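I begin with the aromatic side chains and then turn to the salt bridges.

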Amino acid sequence: MSKIADVFKPGRKALIAYITVGYPDMQATVNAALLLAKSGCDIIELGIPFSDPLADGATIQKASHHALMRGITPQLCLETAAAIRKKTAVPLVFMTYFNPVLNYGPEAFCRSCAQTGINGLIVPDLPPEEGLLLEKTARNDNIDMIYLLAPASTDARITMVTARSRGFVYLVSLTGVTGARKTLSPELQDFVKRVRRKTAQPLCIGFGISTPEQAAHAGSLADGVIIGSRLIELMEEDSTLNSLKSFIVATRKALDSLKNTGR
């Protein structure tokens, strides 16, 4: 079992946090990641800034642009991940787009990820039909490739993604981009049920979750929740990270309050 898959245990809903590397600066990324791990997050997603982040909404786009303007590169992201890995055992996942991976070289990138302590990759613009090479390369380095499904995914795609994804399957809660929302889609439950019928793999819901209450609702449907944009907003609002800590502690508490339904 991979280090990511090992996170998912009966009675505990996984809390997965996303932050953009280098936003607002490198030290803040390290400090935030360590705080998130200590405050109840089970997996940390580290976003590699990219100039054309098609899956991301305004908040993460702004963070990525700011980081790129500060000269953040994939190599610096690897060095930041290494600094985080030295101080925590929590699984680390890179969320990136395929262009930076291709430019770095898929084999070299996966090798560097493994040496750094990265446990998984999410590449939202790489569909499984085109992801076999990176998937095999990552697997050779014991890195999980995590694919995404959206509400509009066909049954055939659900079958393909659930067969190929490792660690967990990333369920996009809506048709659109990342970003805090006031409500979650009323169709989310049916979407999760549709995927659940195809696989026993852990399912985690992301995109649009911005409150502990929303996290609890998503957690009641799936095995974990992923929060990104709201965390970046909190880092912007309070550089001491106290607000970030309070939010994660409250979200962890909301998830832990869910009835133990097992898996």
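**Aromatic pairs**

I looked up the ring contacts and found that Phe94, Tyr104 and Phe109 are linked by ring pairs into a cluster. I worked on a predicted model, in which local features need pLDDT of at least 70, side-chain atom pairs count only at pLDDT 80 or more, and totals for chains, interfaces and linings use all residues. Residues are numbered from 1 along each chain as its sequence is written, and side-chain values use heavy atoms, with hydrogens and water left out.

For pairing I required ring centres of Phe, Tyr or Trp (its six-membered ring) within 6.5 Å; planes under 30 degrees apart are stacked, over 60 edge-to-face, and the rest tilted. The structure holds five aromatic pairs. I noted that Phe50 and Tyr97 are stacked, because their ring centres lie 5.4 Å apart and their planes meet at 25°. This pair joins distant parts of the chain, 47 residues apart: Phe50 sits in the loop between strand E2 (43-47) and helix H2 (58-69), and Tyr97 in the loop between strand E3 (92-95) and helix H4 (98-104). Helices (H or I, at least four residues) and strands (E, at least two) are DSSP runs, numbered from the N terminus.

I then checked accessibility, where buried means under 20% relative accessible area, exposed over 50%, and partly exposed in between (1.4 Å probe, protein chains only). Phe50 is buried at 15%, and Tyr97 is buried at 3%.

I recorded Tyr104 and Phe109 as an edge-to-face pair, with 5.6 Å between centres and 75° between planes. Tyr104 is partly exposed at 26%, whereas Phe109 is buried at 1%.

**Salt bridges**

I counted a salt bridge where a side-chain nitrogen of Lys or Arg lies within 4 Å of a carboxyl oxygen of Asp or Glu. The count comes to 12.

I looked up Asp42 and found a salt bridge to Arg252, with the closest N and O atoms 2.9 Å apart. The partners are 210 residues apart: Asp42 is in the loop between helix H1 (26-38) and E2, and Arg252 is in helix H11 (residues 242-256). Both Asp42 and Arg252 are buried.

Next I examined Arg230, which meets Glu233 in a salt bridge (2.9 Å, N to O). These two residues are three apart in helix H10 (residues 229-237), so about one helical turn separates them. Arg230 also bridges to Glu237, at 3.4 Å between the closest N and O atoms. Arg230 is partly exposed at 21%, and Glu237 is exposed at 55%.

Finally, I noted that salt bridges with shared partners join Arg12, Asp42, Arg252 and Asp256 into one network.
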